[in-house]
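Please look over the sequence and the structure shown below before reading on. The briefing that follows is arranged by topic.

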Amino acid sequence: MAIRAYAALGVQRAQVALTYRLSLATGILTGLVRILVLYYIWRVVYQGESVLQGFTLQEMTTYLFVSFVLRNFYSFQTETSISSKIRDGSVSFELIKPLNYQMARFAESLGSVVVEGVLIGIVVATVGWIAFGMSGPATPVAAAAFVASLVLSLMINFAICFLVGLVSFWSTSVFGIVNSKRLIVEFFSGALVPLAFFPAWLRTIAQWLPFRGIVSTPVIIYLGQVSGERMWAELAVQAAWIVVMWLAGAAVWRLATRRLEVNGG
Amino acid sequence: MHHDRVNSPLIEAECLTKTYRVRRSKPGLVGALRGLVSGADQTVVAVEDVSFAIGPGETVGYIGKNGAGKSTTIKMLTGILVPTSGSVTVAGIEPSRNRTENGKRIGVAFGQRTSLNWDIPVRESFRLLREIYRIPVDAFERNVQMFNEVLGIEPLLGTPVRKLSLGQRMKCDLAAAFLHDPEIAYLDEPTIGLDVVAKDAVRAFINHVNHERGTTVILATHDLQDIEKICNRAMIIDAGHLVYDGPLEQIFDRHALHKEIRFDLRSEPSPQSVDTITQMPGVEPLEVDGHLVLLAVDPAQSATSDVARAGLDLLDVADLSLSDPGIESVVKSIYEEKLS
């Protein structure tokens, strides 16, 4: 079965991620610092207020921790690992493997994300739960839907990273593009501030972009802010974006390899 | 350029051409800034109008200087690059259009870079290849063991690639390229930068696999010894053009078996003394220029020691060196032969 090959790729990448323990540890540390800073800012914002844009302080705290866990999944290097291989020419070895390139990169991305994301996520969520009174999922259904939405979020994130990584075929300066993409995702996914706090026009833009599927959708499902039919609709929107961007990725990949010039001899 | 083969060819290239577009910018920061708005694209021809056919089980040396177009050709044959024009067919399919299909039957090793994962033990990379190529466990174990017998890789398998020496890494990379019993192996400079012992091991291994498995081997190199020890056919590429395609013996008989003797002189030699030496049988002057006398010696006609001694006697020698000819002089003599 071909699936075994992809699974093995993912497992190997997970193994590599585990060899970089220091980077895991610093990931946890910087993550906690970030959350602490945001937490204390929100406490000031909430002074004398009990509900803002439909969020209580406790819900906001929960939003902070859950969104951090999700954000964490995309802060790692899918696009840089794709683009650096294109830049240094080792993409050659990936082109001669009897595997679908996009699937193979997805498997690898999952491998590292699961190790880094889950490990850091567990630590941070535990801290949030014990020290900051973060709440659990709103209902058992919300919990199950959250897990589904989380998986979809990983796939959306990968599809975006894949497209951005492929830019290396056309440009040698991907660094700037990757950075601006990170900022855009950070902002429009709701990782920085919940989308509910956006002015109406900006919220409309965010609604029509794929990025909210990475953070906002899973968190509001977790919090129970959407449920029933609206929850299913949100999941469907995530799934639709995955299909669209996956196909776009495949098309760009085909285009890229038609004009490929491998660097470094 | 002709070769008659009974078997239908496994690899066929027809009028293969690859051009690159290179953006030229003027030197310096100002030039780079100017390049942002107006960069003149320049077309560079890497490979031009190359045609050949290779039958199953052949061992073909693909020779050329650095930048002659070897790697570009190999990358088109493996399906990594799409030809600008012309065509490649490998076992009936077009590699760049059927990468996954083609990938199953080829093994590739590049001396310049590793296909193994830098961070994890070699054994783990092998295991991944077993899954990717769906190698049955017993065949996999048998191959690892056999490769170990020739290459001595067993002690390296537990080490991450970043901790291996170049020679050790290359041995592991070669083994990795052959794990799935590929029909065709494309090896690009597999001995580059290796010491003599490691080179020998690599060459012995390639020969072994070719004999045992009938693997077709395409070996790109600029080291003539690689070719001499492994291949039965040579193709020489220069500046993107195929300048020779034929049996190996011809090149070595005619061009490569001579030695080069180089005398660096303290003072200019008299014409007579140079003549005396160059009139020895099998001695040809390659370069006589002020303080340098470079000779090609056919050892079958004159012992190199005699020629060296004559030089030391007749010339004011500061330094003396002996070498086997490089690819450059072979290509040069092929050109000269064509012109005459």
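In this predicted model, Asn143(B), Phe147(B) and Leu151(B) of helix H5 are in contact (heavy atoms within 4.5 Å) with Lys171(B), Ala175(B) and Phe178(B) of helix H6. Helices (H or I, at least four residues) and strands (E, at least two) are DSSP runs numbered from the N terminus.

**Helix pair**
- The axes of H5(B), residues 137-151, and H6(B), residues 166-178, come within 11 Å and cross at roughly 145°, where axes are lines fitted to C-alpha atoms, for helices over the stretch in contact, and angles run from 0 to 180 degrees between N-to-C directions.

**Sheet**
- An open sheet in chain B has six strands in the order S5-S6-S7-S3-S8-S9, with mixed pairing, and two strands pair if DSSP finds at least two bridges between them.
- Strands S5 (106-110) and S9 (241-247) of chain B stand at the edges with a single partner strand each, so one side of each is left without a neighbour in the sheet.
- Strand S8(B), residues 233-238, runs antiparallel to S9(B) and is joined to it by six bridges, and Asp238(B) stands opposite His241(B) in S9(B).

**Confidence**
- Chain B has a mean pLDDT (the predictor's confidence in each residue, from 0 to 100) of 87, with 89% of its residues at 70 or more.
- Over residues 1-6 of chain B, pLDDT stays under 50.
- Where pLDDT is low, the predicted coordinates should not be read in detail.

**Conventions**
- Residues are numbered from 1 along each chain as its sequence is written, chains are lettered from A and ligands numbered from 1 in the order in which they are written.
- Local features need pLDDT of at least 70, side-chain atom pairs count only at pLDDT 80 or more, and totals for chains, interfaces and linings use all residues, while side-chain values use heavy atoms, with hydrogens and water left out.
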